[in-house]
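Please place the sequence and the structure side by side.

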Amino acid sequence: MSGRQMAWVWTGKTTPAKLTDRDKESIKRIVEAEIEKTTKLKGIVYRTQVKAGRVYLFYLYEPQIPEGAILTKPLIDGKYFELVLARITVYDKYHKECTLDWQRHNNEWMTIEKGSLEECIQIAEKSDWFQI
């Protein structure tokens with residue numbers, strides 16, 4: 001044996017914060033105000049949702065649907081799918097510890113960056129990960 005010792009290193013919180021309805025409304029207002037300050041996200045983000053300690057940013061996608069295709073999800077306005085653009089996981093109710101997450105093609109989430117809620121939105125604005 002070489003004398004090396006292995007140890008687990010705790011890198012931070014692993015579960016999202018438990019938010020009250022008041023916390024969720026506050027976070028949603030902050031997110032929508034921050035998105036209004038941006039140029040790229042303001043034109044892309046269709047809807048925001050706060051659920052289970054996470055903020056989801058949705059956008060609309062117009063697919064090319066072949067004639068006679070059977071859809072499993074209804075279309076919005078008869079021509080759009082609603083898809084997730086990004087997710088921000090909130091780890092404290094003061095939204096100072098957050099991660100900006102990107103959804104891969106296999107529906108797994110990948111953390112792009114860590115920061116406050118406002119910083120995560122600014123990172124998403126500047127990042128190439130969140131282009132449509």
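Q: Where is the place of Ser127?

A: Ser127 is found in the segment after α3 (117–126); helices (H or I, at least four residues) and strands (E, at least two) are DSSP runs, numbered from the N terminus. This is a predicted model, in which local features need pLDDT of at least 70 and side-chain atom pairs count only at pLDDT 80 or more, while totals for chains, interfaces and linings use all residues. Residues are numbered from 1 along each chain as its sequence is written, and side-chain values use heavy atoms, with hydrogens and water left out.

Q: Is Ser127 buried or exposed?

A: Buried means under 20% relative accessible area, exposed over 50%, and partly exposed in between (1.4 Å probe, protein chains only). Ser127 has a relative accessible area of 11% and is therefore buried.

Q: How many salt bridges does the structure hold?

A: Side chains of opposite charge can pair when their charged atoms come close. A salt bridge is a side-chain nitrogen of Lys or Arg within 4 Å of a carboxyl oxygen of Asp or Glu. The structure holds 4 salt bridges. In one of them, the side chains of Glu82 and Arg47 meet at 2.8 Å, N to O. Because Glu82 lies in strand β3 (residues 81–90) and Arg47 in strand β1 (residues 47–51), this pair ties together parts that are 35 residues apart in sequence.

Q: Which residue forms a salt bridge with Arg87, and is Arg87 buried or exposed?

A: The partner of Arg87 is Asp101, with a distance of 3.1 Å, N to O. Since Arg87 lies in strand β3 and Asp101 in strand β4 (residues 98–103), the pair ties together parts that are 14 residues apart in sequence. Arg87 is buried, at 11% relative accessible area, and Asp101 is buried at 2%.

Q: How many aromatic pairs does a search of the whole structure find?

A: Rings of Phe, Tyr and Trp (its six-membered ring) pair if their centres lie within 6.5 Å; planes under 30 degrees apart count as stacked, over 60 as edge-to-face and the rest as tilted. The search finds 3 aromatic pairs. Among them, the rings of Tyr56 and Trp109 have centres 6.3 Å apart and planes at 65°, so this pair is edge-to-face. Tyr56 lies in strand β2 (residues 54–61) and Trp109 in strand β5 (residues 109–115), so the pair ties together parts that are 53 residues apart in sequence. Tyr56, Phe58 and Trp109 form one aromatic cluster.
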